[in-house]
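Dear colleague,

Here is the structure you are taking over. My notes on it follow below.

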Amino acid sequence: MTTKNKYHHGDLRPSLLDAATETIKEGGVEALSLRKLAEKVGVSRTATYHHFKDKHDLLCAVAAQGFVTWREIEQEIFNNANVAINERYRQFVFRYIDFAANNPALYDLMFGSTLWKHDKSNQDLRDVAYPVFQHQVEMTKTWQENGILPEGENTLRLAQVTWGTMHGIARLLIDGVYADASSIEEMCECAVNVFLSAANRQ
């Protein structure tokens with residue numbers, strides 16, 4: 001069956017991305033190649049080059065899809081008016097660590113040096129990732145205005161510090177430094193309490 005017959009227009013790229021994400025999840029970035037991806041999906045290698053010019057381009061696309069998934073999660077939390085805003089902040093921290101724990105290889109790709117060091121990310125990835133970063137700054141501003149986070153701090157720096165805290169916990173988990181789930185949960189709870197108490201002391 002030819003690629004044209006097997007896939008409708010626009011169907012192949014999502015299928016390739018899903019298969020690439022699954023491959024990375026199972027074996028890391030090293031396990032992925034356009035040739036192996038083509039075999040996994042059941043198309044010719046040439047067909048993959050219609051959508052991704054090389055492996056790096058494919059990795060950027062997988063990372064971008066990861067950011068889209070995370071953006072949907074954080075917006076779901078932030079916009080849930082049925083939950084108290086301080087509880088939404090707590091959920092945000094815990095869901096971030098949960099996302100990293102359930103997708104360690106993808107998380108590494110999204111936030112690691114493979115795509116970001118020496119400005120190796122492509123424009124398509126930056127177009128997705130940067131608005132996600134900006135949304136966290138906007139959320140931080142709202143949390144400050146509602147007394148959840150310290151209002152006197154610079155919003156951008158506070159967003160960077162809270163993100164850095166979550167990223168550090170995620171890395172400890174992914175790298176196996178603190179693999180015990182109970183330790184990670186207590187770290188998350190501690191981080192939430194520290195930031196909330198700092199706001200209450202103002």
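Helices (H or I, at least four residues) and strands (E, at least two) are DSSP runs, numbered from the N terminus. This is a predicted model, in which local features need pLDDT of at least 70 and side-chain atom pairs count only at pLDDT 80 or more, while totals for chains, interfaces and linings use all residues. Residues are numbered from 1 along each chain as its sequence is written, and side-chain values use heavy atoms, with hydrogens and water left out.

Overall picture

The protein has 11 helices and 0 strands. Its C-alpha atoms fill a box of roughly 65 × 35 × 35 Å along the principal axes. Of its 202 residues, 43% are buried; buried means under 20% relative accessible area, exposed over 50%, and partly exposed in between (1.4 Å probe, protein chains only). The protein exposes about 10,900 Å², with carbon and sulfur atoms supplying 49% of that area. Accessible areas come from the Shrake-Rupley method with a 1.4 Å probe, and for residues only the protein chains shown count as cover.

Contact means heavy atoms within 4.5 Å. Taking contacts between residues at least 6 apart in sequence, 65% join residues at least 24 apart.

The core

A nonpolar core is a set of buried Ala, Val, Leu, Ile, Met, Phe, Trp, Tyr and Cys residues joined through side-chain atoms within 4.5 Å. The largest one has 61 residues, and Leu58, Tyr89 and Ile97 touch the most other members. At least two residues of this core come from each of α2 (12-27), α3 (34-41), α5 (55-78), α6 (85-102), α7 (104-111), α9 (123-145), α10 (155-174) and α11 (181-200). The largest share, 12 residues, is supplied by α5.

Helix α6

This helix has 18 residues and reaches 25 Å from its first C-alpha to its last, close to the 26 Å expected at 1.5 Å a residue. The expected span is 1.5 Å times one less than the number of residues. Buried residues in α6 are Arg88, Tyr89, Phe92, Val93, Phe94, Tyr96, Ile97, Phe99 and Ala100. Their cover includes α5, α7, α9, α10 and α11. Leaving aside neighbours within four places in sequence, Ile97 is in contact with Met166, Ile169, Ala170, Leu173, Ile184 and Cys188.

Isoleucine 24

Ile24 is found in helix α2. Its relative accessibility is 1%, so Ile24 counts as buried. Apart from neighbours within four places in sequence, Ile24 is in contact with Val29, Leu32, Leu59, Val62, Ala105, Leu106 and Leu109. From Ile24 to Leu34 is 10 residues in sequence and 12 Å in space, C-alpha to C-alpha.

The loop between α8 and α9

Which residues have a positive phi here although they are not glycine? His118 has phi near 60°, and Asp119 has phi of about 55°. His118 lies in the loop between α8 (113-116) and α9, and Asp119 is placed in the loop between α8 and α9. At 69% relative accessibility, His118 counts as exposed. Asp119 is exposed as well, with a relative accessible area of 57%.

Regards
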